[in-house]
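Visitor: I'm new here, and I'd like a walk through this one. Could you put it on the screen first?

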Amino acid sequence: MALNGVAVLLVEDDPVFRQIVTHFLEKQGAQVTQACDGEQGVSFFKSQHFDVVLADLSMPKLGGLDMLKEMITLAPLVCYIVISGNNVMADVVEALRLGASDYLVKPVADLFIIEQAIKQNLHRSHIDDMYAADFDALSFQELSSNLTMLEQSVAAAKQVQQQLFPASNISYPAAKVDYSLYKNSDISSYFIDSSMVGSHHLIMYMAHLYPEDNRAAFACVLLRSFVNQKLKDFRSGQSQAIIEPFNMMSYLNERLVKSGLDIKADMIYISIELTKYRAAIAHAGKGLRCYLRNSEGLSPLALSESSQLGVVDWVKPSIQFRSILPQEQLCIATSEPEHRQLLLDDQFKGLIYDTDLPAGGFLQLSF
């Protein structure tokens, strides 16, 4: 049988769906252990060996994301597949960032989709690059199926996008990221993100997405998913691209072009080596600026404009390497004078709606 001997931990609070999936997987040869919530899932996980964890993200007691964090810390090489509804796509993206291998969207129309996801992910670490590319295409196909929903529903697009944005202050072991983004419509066409990469690197970026409509919400999901893929590749030892801005920009441009969705982006992408305070900075498009901030104010870095991401005849981004002094901050901001003044006034508020200010904002890294 297709899943003969595969040990699966199924964490699902819906007893009917849990039993249906268990019966199906056992017919395919899998050995299934059922858990009704996150706490029970972690308890079983600590006491037994599992090849696959199949988990709903929306559960009582211990939510799916918190459960995944604990499990992945204990056993990062286990195959984790999450199940979610369309309205919590941001949680799916965060699960992928944490280390989940794949995701499925409820309602699952065909249980064989679950079997196929398990088979693909179990073998992914043993397949060649061509098969891995095919797998990424399949994952992207399911992600892009949510585009129509986001295009047609302002409320859905707004909800998904708001879930993607972090609090205005993000603290890491050796650094802090603060930001404000101002929107004057339901959807922000600007996006920020940051993440630790291993124990010595931090990456952060700011993007201006086009077109500036509901699709910008989908573009945020898409962009973060692409970054997450390279973050997972770094953790598995397959690629260093996530901390190499030139290679990362090249990868993002290729994926946006191949998506066929006509999504483009201006972007500044920064990787910081935290033990040496050494920053590598890449710039694509126009409208975003990178600054060093100190007691004297903001000093712009000389980064020439290049083509937007998502362009077929794209040329390489502008690149600069800088050492950051302990009393300096590294900032990304839009070109509006109001935004630069708010940055100097330390007005870090996260994502906010304000019709009195131009759309855009700023992001600051301090040590």
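What follows is a chat about the sheets, the helices packed on them, the salt bridges and a surface patch.

Visitor: Before we start, what kind of model is this?
Guide: Residues are numbered from 1 along each chain as its sequence is written, and side-chain values use heavy atoms, with hydrogens and water left out. Local features need pLDDT of at least 70, side-chain atom pairs count only at pLDDT 80 or more, totals for chains, interfaces and linings use all residues, and the model itself is predicted.

Visitor: In what order do the strands of the parallel sheet come?
Guide: Strands here are DSSP runs of E, at least two residues long, while helices are runs of H or I of at least four, both numbered from the N terminus. Two strands pair if DSSP finds at least two bridges between them. Five strands make this open, parallel sheet, and the order is S2-S1-S3-S4-S5.

Visitor: Which strands stand at the edges there, and why is one side of each left without a neighbour?
Guide: An edge strand here has a single partner strand, so one of its sides has no neighbour in the sheet. That describes strand S2 (31-35) and strand S5 (102-105).

Visitor: Which residue in S5 is the bridge partner of Ser84?
Guide: Strand S4 (residues 79-84) runs parallel to S5, and four bridges join them. In S5, the partner of Ser84 is Val105.

Visitor: What angle does helix H3 make with S4?
Guide: Axes are lines fitted to C-alpha atoms, for helices over the stretch in contact, and angles between N-to-C directions run from 0 to 180 degrees. Helix H3 (residues 64-74) lies across S1, S3 and S4. Its direction against S4 is about 180 degrees.

Visitor: Now the antiparallel sheet: which are its edge strands?
Guide: This open sheet has five strands, in the order S8-S9-S10-S11-S14. The edge strands pair on one side only, and they are strand S8 (190-197) and S14.

Visitor: Is Lys230 buried or exposed?
Guide: Lys230 lies in helix H9 (residues 215-235). Leaving aside neighbours within four places in sequence, Lys230 is in contact (heavy atoms within 4.5 Å) with Ser239, Ala241, Ile242, Met248 and Tyr251. Buried means under 20% relative accessible area, exposed over 50% and partly exposed in between, with a 1.4 Å probe and protein chains only. At 15%, Lys230 is buried.

Visitor: How many salt bridges are there?
Guide: Side chains of opposite charge can pair when their charged atoms come close. A salt bridge needs a side-chain nitrogen of Lys or Arg within 4 Å of a carboxyl oxygen of Asp or Glu. By this rule, the count is 11.

Visitor: How many residues apart in sequence are the parts that Lys61 and Asp37 tie together?
Guide: The two form a salt bridge, with their closest N and O atoms 3.7 Å apart. Lys61 is exposed at 67%, whereas Asp37 is buried at 6%. Lys61 is in the loop between S3 and H3 and Asp37 in the loop between S2 and H2, so the parts they tie together are separated in sequence by 24 residues.

Visitor: Which residues are linked with Asp56 in a network of salt bridges?
Guide: Asp56 meets Lys106 in a salt bridge (2.6 Å, N to O). Asp56 is buried at 5%, while Lys106 is partly exposed at 26%. Linked with Asp56 in the network are Glu12 and Lys106.

Visitor: Last one: what is the accessible area of the patch with Phe321?
Guide: Phe321 lies in strand S14 (residues 318-323) and is partly exposed at 49%. Patch members have over 30% relative accessible area and no salt bridge; like charges are joined within 9 Å, and nonpolar side chains (Val, Leu, Ile, Met, Phe, Trp, Tyr) within 5 Å. Areas come from the Shrake-Rupley method with a 1.4 Å probe, and for residues only the protein chains shown count as cover. Together, Phe246, Ile319 and Phe321 form a nonpolar surface patch of about 260 Å².
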